Structure formats: structure tokens, C-alpha cells
Amino acid sequence: MKAILVGLGSAGFSWYKRLKERGLLAAVVEVDPAMKIKMGDDPFPFYTSLEEALETTQADFLVNVTSPMMHTKVNAAAFDRGLAVLCEKPISFDYQESKDIVARAARERLPFMIAENYRRMPYIRKAKQLIDAGAIGAISSLDIQFYRYHHVQRRYTVHILDDIGVHHFDLLRYFTGKEGKAIQAKLFNPVNGWQEEGAVLSAYAFIELEGGITAAYQATIASKGTETPWSGNWRIEGTEGAIEVRDKEIYLIRDQMAVKVEDLSGIDETDTLTEFLASLQEQRESETSGQDYLKTQALVHYAHVASATGQVQAILVPQMKENGEMSA
């Protein structure tokens, strides 16, 4: 199988190395010709025009690592050629646009996966395995804390939920296996944050999920204190115990006794590219397919609405209708 890589920025170059190492790279598309220097003497075709690359390159799928504002345009061009797509998150900053492109992929039966890497982390997979095995009984509540100082130059205005919180909301769905029902949220800039028009650096949210499960979320990218991992620190309370995932380590607590989980064996430890290729070969929906990831993006969307209105917001989980359109 061969891929067209679109985007050769910092994230795109990481994908370039992965695709190259696995013998999957057919061509590279990057609108900035100066970026070609990153390829050194590598012989792969380099295009500044996506249309030219699609017309002249034989490929099986496209990897979309462009700026989020360009995701839909690139994805649509790939779908026009009948190509499967592996796209970096988010699907789009625009929720309706996200629903439309996911619906199109579903109607035309085109594989479409979002490269959600947080749930592929070994300690995350192990915590999920323990939960599914009943190590703490049934989940009752979750507490998630995320603290970083992350002031970097972007081609778009930073928003903590769109940029990073979407990963945590996806983990919330992953750990619980449940969808959101309602959300309260406050999105704001703290006193110690930097000035950037339109930027949102901090978030509080309280989420109600199916089955009576609740989640409290606190996050900032303007922290001056001790930082958490990118995946955040988690306390997952159950009916028979608790699991804490803190600083990339797992602690299982039962009867007030905490035991560090050292053995991470027995998990499905694969990266996003491996999962995408496996889903193509096995002709199945990928774990973080566009249809599934849209439910994560719904949490972000309704958090925006809840913060703007100051009210508890019902979460309408998107579903495909019989007519091929997307509900909610």
C-alpha cells in the first residue's frame, strides 16, 4: 500500500518519517516549497499542488496533516478520488462541517480515520483493560486534571478544547464506553495567561454520561506549576475500588490499599498507523473512525455552547440517518 502525505510541518514530518520507514510513502504535498529541504536527498515526488499529486500519483490512501482549517478541503479532494483517509484531529473546527464530511465518507463507504494517539498509549490501554476486567467494579465517576504551559506559534487561534481537550474527552469515552448526555462548562483565560485575541487557555467542565456516570474536568495550557503528562492525570472511581493514572503510572486501589501496576503486558499495543492499515486490510471500521470520533467532537462542541450560554447543555450524539445524513 502507498500513501500521499499532505503537510510537512512539524507533525507532518513525523508522519513522513513513519511512512518512509515502513515503505508506504508515494508522494508528499506541501504548499511551502522551502519545506522540501526536510526530505534531504530522498527521491519521493514533491508537489505544492494537491490536485497535481492526486492526478499523477498512484496511491491507496492519504494522510492529512494540514492545518485544521484545511482538513475538509483536503479530505474532500481525497474522497473525490476514492481514497481512504487518515486525518489528524480535529475533523474540522466547524462542527457542522465535521458532520458533513463524516456523512459523506459513510455514504460513499470510504475509510476515514482520525489519528487519535492518546488512547494508543500503553498505560492508557492497560488502565482500560483493568476497567473492562472489572478490577474496580462499575465506573461511578471520573476526575481529570491537565496542567501544562504550552505557548507555541500556530497558524490559528489556540483553543484548549479544540487543540488538546478533545484528546481527554476521547479518553473519557474510551475508558467508560459511554456517551455524553449533558455538560456544564466554563472556558476562559486565567490571570496568568498570555494575550492572544480569541484564545481560550483554560477550561472547567462537568459532564454527565450514560448510566449515571459523572466526570469533572479541569485543564489549562497556561500553568506555571508542576505539569501533568499530555494525557492528563485521572482518578476513576468504581463501585469496588478506584484506578489512578498519574504521571503515566497506574495505581489500583481497593480497600484503601494502592498497588502500582507494573505489568503492562497483554494489551493491544499498536499505533494509529498500524490500526488504520489493519482496518483497511480487514475491511472493518477503525477504532477512531470518523463516525466514532465525531461523538468525541460533539462533547467539545456542546462544551462551547454550554460555556457561551452559561447553562447546562444537553448533548445530542450524532448518528447516521437512513437517508445518509447526519443527525444532531
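Predicted model: local features only at pLDDT ≥ 70, side-chain atom pairs only at ≥ 80, totals over all residues.
H1 supplies the largest share, with six residues. The volume of the largest pocket is about 1300 Å³. Its lining is made up of 20 nonpolar, 14 polar and 10 charged residues.

Now turn to the second largest pocket. It holds about 420 Å³ of space. Its lining has 17 residues, and those closest to the centre are Arg109, Leu110, Pro111, Phe112 and Glu285. Helices H4 (95-107), H7 (272-281) and H8 (290-309) each contribute two or more residues here. By type, the lining of the second largest pocket splits into eight nonpolar, six polar and three charged residues.

Next comes the sheet. Strands of a sheet pair through backbone hydrogen bonds, either parallel or antiparallel. Here, nine strands form an open sheet with mixed pairing. Their order is E14-E13-E12-E11-E7-E10-E9-E8-E15. Strands E14 (257-261) and E15 (313-314) stand at the edges. Each has a single partner strand, so one side of each has no neighbour in the sheet.

E14 pairs with strand E13 (residues 249-254) in the antiparallel sense, over five bridges. Ile250 has Val261 of E14 as its bridge partner.

Helix H8 packs on the sheet, where it touches E15 and strand E8 (180-188). The directions of H8 and E8 make an angle of about 60°.

Conventions. Residues numbered from 1 in each chain as written. Heavy atoms only, no water. 1 Å grid on protein atoms, 1.4 Å probe; cavity = no way out; pocket = protein on both sides within 12 Å on 5 of 7 lines; lining within 4 Å. Points joined across faces, edges and corners; volume = space filled by probe spheres on them. Helix = DSSP H or I, 4+ residues; strand = E, 2+ residues; numbered from the N terminus. Nonpolar A, V, L, I, M, F, W, Y, C, P; charged D, E, K, R; others polar. Pairing = 2+ DSSP bridges. Contact = heavy atoms within 4.5 Å. Axes fitted to C-alpha atoms, helices over the stretch in contact; angles between N-to-C directions.
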